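Thanks, everyone. I'll walk through one model this morning, strand by strand. Here it is on the screen.

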Amino acid sequence: MATPSFQHLTIDTLTAWIEADDPLILVDIRDLMSFTGGHIPGSRHLDNDSAPALLESAPREQPLVVVCYHGHSSQQAAAWLAGQGFAEVYSLDGGFTEWEHRLPERVERGRP
């Protein structure tokens, strides 16, 4: 049996998906203070406390995009989520730091 895996996703591709209103699940694994300070619109904060609710409610067939600070720790989280049965899991290359740098007008502040 193949090990579940994730794919890398560019900011340009994610932007196109969001603009096309493609169904996707966007999770941000940064600490809550960083998430509240700014995140990609439509994303939900994911940590050890909120993971069970995500696993219980999220449709496994929708693409799942994991965001972290720079695109490194999201790879481990994406691999773990792929192992939880999500069909398409992506790690955002460059993370939120690159998103905010390139698209400052597309940053949401506060809790969603």
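Strand S4 and strand S5 (residues 89–92) run parallel, joined by 3 bridges. A word on terms. Helices (H or I, at least four residues) and strands (E, at least two) are DSSP runs, numbered from the N terminus. Two strands pair if DSSP finds at least two bridges between them.

Now the ground rules. This is a predicted model: local features need pLDDT of at least 70, side-chain atom pairs count only at pLDDT 80 or more, and totals for chains, interfaces and linings use all residues. Residues are numbered from 1 along each chain as its sequence is written, and side-chain values use heavy atoms, with hydrogens and water left out.

Back to S4 and S5. Leu 64 has Val 89 as its bridge partner in S5. Val 65 has Tyr 90. And what links the two strands? Helix H4 (residues 73–83) does: S4, H4 and S5 make a right-handed β-α-β unit. Right-handed here means that, with the strands pointing away from the viewer, the path from the first strand over the helix to the second runs clockwise.

Next, burial. Buried means under 20% relative accessible area, exposed over 50%, and partly exposed in between, with a 1.4 Å probe and protein chains only. In a regular strand the side chains alternate between the two faces of the sheet. Look at S4, residues 64–67. Leu 64 and Val 66 sit on one side, Val 65 and Val 67 on the other, and all are buried.

Ser 74 is in helix H4. Ser 74 counts as buried, at 0% relative accessibility.

What is the strand order? S1-S5-S4-S2-S3: 5 strands in an open sheet, with parallel pairing. S1 and S3 stand at the edges with a single partner strand each, so one side of each has no neighbour in the sheet.

Take the remaining pairs. S1 (residues 7–9) pairs with S5 in the parallel sense, over 3 bridges. There, Gln 7 has Tyr 90 as its bridge partner. S2 (residues 25–28) is joined to S4 by 4 bridges, also parallel. Asp 28 stands opposite Val 67 in S4. S2 and S3 pair over 2 bridges, in the parallel sense. Val 27 stands opposite Arg 44 in S3.

Ser 43 lies in the loop between helix H2 (32–37) and strand S3 (44–45). Buried or exposed? Ser 43 is buried, with a relative accessible area of 4%. A polar atom of its side chain lies 2.6 Å from the backbone oxygen of Ile 40. Ser 43 and Asp 28 are 15 residues apart along the chain, with their C-alpha atoms separated by 6.4 Å.

Thr 15 belongs to helix H1 (residues 11–19). Thr 15 counts as buried, at 11% relative accessibility. Its side chain reaches the backbone oxygen of Ile 11 at 2.8 Å.

Asp 21 is found in the loop between H1 and S2. At 67% relative accessibility, Asp 21 counts as exposed. Most residues other than glycine have a negative phi. Asp 21 has a positive one, near 60°.

Last item: the pocket lining. Which residues line the largest pocket? Ile 29, Leu 46, Asp 47, Asn 48, Ala 51, Ala 77 and Trp 80. A pocket, on a 1 Å grid over the protein atoms alone, is an open set of points where a 1.4 Å probe fits, with protein on both sides within 12 Å along at least five of seven lines; lining residues have an atom within 4 Å of a point.

That's the tour. Over to you.

Notes: A polar contact is a pair of N or O atoms within 3.5 Å; within protein, one must be able to donate a hydrogen and the other to accept it, and residues adjacent in sequence count only if both atoms are side-chain atoms.
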